[in-house]
Amino acid sequence: MLKILGRANSANVQKVLWVCEELGVPFEREDYGGPFGKTKDKAYTDLNPNSVVPTIIDGGFVLWESNACTRYLAAKHGKGTLCPTDPQEYADADRWMDWQQTTVLPFMTPVFWGLVRTAEADRDMAAIGAGIERGNAVFAILDRRLEGRKFIMGDRLTMADIPVAIQAYRFLTLVTDRPAMPNLEAWMENCRATKGFKKWIDLPLT
């Protein structure tokens, strides 16, 4: 059975959990990282030298990097559903997954960590404010992409949506004073209606 090593409130672990829920992939999960520690233990670093979560173990195959895990599970269990089969559609979906890492995550880190995981007295409000400003501009790009679409790739949920939606949920929850982005907000509701989002993502932010 697939093993997932990582705590359930980690955005990166949630990507894998959402995929598994959508595709009906059975798994066992163990808490690692954050308050649970153990990611510096030799037994873990032998699997994942980066000492972060998640790590997945599928039979004898060990994989880390959350988007790589998402792509792998989507390709193995969801060809034609979460994983597009057309090479150009696959590349398009892959692009948005990379966009989450290279463009969204840099501003979401100070926003989320500053507002959720930092005591109010210790917050760097300048960094948080700059992150919110950048986030408004970046998510406007996605809002334009979503014009006339239910999901990033069209009418169905794919691997493209999962990493981006997890961060968008955090941003939209934390930042209420923002420009109107009706396409983004409608897409967010479509994502929230999926079983994987309901079970693993639509939870209090911690």
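In which loop does Pro54 lie? Pro54 is placed in the loop between α2 (42-45) and β3, where helices (H or I, at least four residues) and strands (E, at least two) are DSSP runs numbered from the N terminus. The structure is a predicted model, in which local features need pLDDT of at least 70 and side-chain atom pairs count only at pLDDT 80 or more, whereas totals for chains, interfaces and linings use all residues. Residues are numbered from 1 along each chain as its sequence is written, and side-chain values use heavy atoms, with hydrogens and water left out.

The peptide bond that joins Val53 and Pro54 is cis, with an omega of about 5°. The loop between α2 and β3 also holds Ser51, whose phi is near 65°, a positive value in a residue other than glycine. Most residues other than glycine have a negative phi, and most peptide bonds are trans. Ser51 counts as buried because its relative accessibility is 14%; buried means under 20% relative accessible area, exposed means over 50%, and partly exposed lies in between, with a 1.4 Å probe and protein chains only. A positive phi, near 80°, is also found in Glu65, again a residue other than glycine. Glu65 has its place in the loop between β4 and α3 and, with a relative accessible area of 41%, is partly exposed.

The strands form an open sheet of four, in the order β2-β1-β3-β4 and with mixed pairing, two strands being paired if DSSP finds at least two bridges between them. The edges of the sheet are taken by β2 and β4 (61-64), each of which has a single partner strand, so one side of each is left without a neighbour in the sheet. On average, neighbouring strands of this sheet are turned by 20° against each other, direction ignored; axes are lines fitted to C-alpha atoms, for helices over the stretch in contact, and angles run from 0 to 180 degrees between N-to-C directions. Strands β1 (residues 2-5) and β2 (residues 27-30) run parallel and are joined by four bridges, and Leu2 stands opposite Phe27 in β2. By contrast, β3 (residues 55-58) and β4 run antiparallel, also joined by four bridges. Across this pair, Ile56 has Leu63 as its bridge partner, while Asp58 has Phe61. The two strands β3 and β4 form a hairpin with two residues between them, and Gly59 in the turn has a positive phi of about 65°.

Helices are placed against this sheet. Together with helix α1 (residues 11-23), strands β1 and β2 make a right-handed β-α-β unit; a crossover is right-handed if, with the strands pointing away from the viewer, the path from the first strand over the helix to the second runs clockwise. Helix α3 (residues 66-77) lies across β1, β3 and β4 and runs at about 130° to β4.

Helix α5 (residues 125-145) has 21 residues, which should span 30 Å at 1.5 Å a residue, and the distance of 30 Å between its end C-alpha atoms agrees with this; the expected span is 1.5 Å times one less than the number of residues. The buried residues of α5, which include Ile128, Gly135, Asn136 and Phe139, pack against α4 (87-116), α6 (161-174) and α7 (182-192). Helix α6 has 14 residues and reaches 20 Å from its first C-alpha to its last, close to the 20 Å expected. This helix is mostly covered, as twelve of its 14 residues are buried, and what covers them includes α1, α3, α4, α5, α7 and α8 (195-200).

Phe171 lies in helix α6 and counts as buried because its relative accessibility is 0%. Leaving aside neighbours within four places in sequence, Phe171 is in contact (heavy atoms within 4.5 Å) with Phe107, Met108, Ile132, Gly135, Asn136 and Phe139. Phe171 and Asn136 are 35 residues apart in sequence and 9.3 Å apart in space, C-alpha to C-alpha.

Not counting residues up to four places away in sequence, Trp18 touches residues including Leu157, Ile162, Cys191, Phe197 and Trp200.
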